[in-house]
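Then read on with both in view.

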Amino acid sequence: SALAGEGKTTVTLALADKLSSSGKRVLVIDLDIHRGTLSRAAHLEEAPGAIESSGNGGEMPIFHSFHTDVEGVSIMPTGQVIMDESSIPLLSPERIQRLIARSLEHFDLVLLDCPPLTPVADTHIIGDVADTSILVVRSGSTPRDVLDQAISQYGKDKFFAAVLNRAQPHEIPYFREVYGYYRREPGKPLKKTR
């Protein structure tokens, strides 16, 4: 997303749920070392995760992932973030490539829950390693100029799709024009009106 709070984690988990329903084993990795929304939501802020599992190029570290209530979906929190000069950053292309490669030994698909594009440069690094990206835009919230800037900086050819999050059908012109004659009254079945 261009900004924080647009629903990236929610959309990522919903996508993981759908993909797992087709029999795929899906891992969702929290790569937002600044906010870690997925790690917090799963109460895994203190648990080992992506940082520990990616290693530093030495011997193979333990792989840390956690099962969820959704069959076929596991999550990997960010892990213990140490911010000092001696720590090797998680968000280097080499570490992320190594982490994805290790993840694909255990899972069919890997989804990366990333920080927003505009405030930090981390997602640009991840985008160079990931196969593709999905842009999440919160309806009625994201300023157009900020969205345009984020897409321009990231590269629009890197996006596979975009998700308009929290949109109401009446806000979408196509939906209104094509399906607008369907109306639902509270507590009553859907009926067609002209």
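## Before we start

This is a predicted model, so a local feature needs pLDDT of at least 70 and a side-chain atom pair counts only at pLDDT 80 or more, while totals for chains, interfaces and linings use all residues. Residues are numbered from 1 along each chain as its sequence is written, and side-chain values use heavy atoms, with hydrogens and water left out.

Two strands count as paired if DSSP finds at least two bridges between them.

Now look at strand 1 and strand 3 (residues 73-76), which run parallel to each other and are paired over four bridges. Here Ile29 stands opposite Met76 in strand 3. Keep those two in mind, as they come back in the next section.

## The nonpolar core

A nonpolar core is a set of buried Ala, Val, Leu, Ile, Met, Phe, Trp, Tyr and Cys residues joined through side-chain atoms within 4.5 Å. Buried means under 20% relative accessible area, exposed means over 50%, and partly exposed lies in between (1.4 Å probe, protein chains only).

Which residues touch the most other members of the largest nonpolar core? Out of its 15 residues, the answer is Ile29, Leu31, Met76 and Leu112. Strand 1 (26-30), helix 4 (93-103) and strand 4 (109-113) are the elements that give two or more residues to this core, and helix 4 gives the most, with three.

Zoom in on Leu112 and skip its neighbours within four places in sequence: Leu112 is then in contact (heavy atoms within 4.5 Å) with Ile29, Leu31, Ile100, Ile126 and Ala130.

## Three salt bridges

A salt bridge is a side-chain nitrogen of Lys or Arg within 4 Å of a carboxyl oxygen of Asp or Glu. This structure has three of them. One joins Asp108 to Arg25, with the closest N and O atoms 3.1 Å apart. This pair ties together distant parts of the chain, 83 residues apart: Asp108 is in the loop between helix 4 and strand 4, and Arg25 is in the loop between helix 1 (8-20) and strand 1. Asp108 is partly exposed, at 33% relative accessible area, and Arg25 is also partly exposed, at 40%.

Another joins Asp128 to Lys158, and here the closest N and O atoms are 2.7 Å apart. These two also link distant parts of the chain, 30 residues apart: Asp128 is in the loop between helix 5 (122-127) and strand 5 (133-138), Lys158 in the loop between helix 6 (144-154) and strand 6 (159-165). Asp128 is exposed at 55%, whereas Lys158 is partly exposed at 26%. Finally, Asp148 bridges to Arg144, with the closest N and O atoms 3.7 Å apart. Because they sit four residues apart in helix 6, Asp148 and Arg144 are separated by about one helical turn.

## The two sides of helix 6

Stay with helix 6, where Val146, Leu147, Ala150 and Tyr154 are buried. They span an arc of only 100° around the axis (taken from the directions from the helix axis to the C-beta atoms), so they lie on the same side of helix 6. What covers the buried residues of helix 6 includes helix 5, strand 5 and strand 6.

Just after the helix ends, Gly155 takes a positive phi of about 105°.

## Strand, helix, strand

Strand 5, helix 6 and strand 6 together make a right-handed β-α-β unit. Right-handed means that, with the strands pointing away from the viewer, the path from the first strand over the helix to the second runs clockwise. Strand 5 and strand 6 pair in the parallel sense, over six bridges, and Ser133 stands opposite Phe159 in strand 6.

In the loop between strand 5 and helix 6 sits Gly140, which is exposed at 88% relative accessibility.
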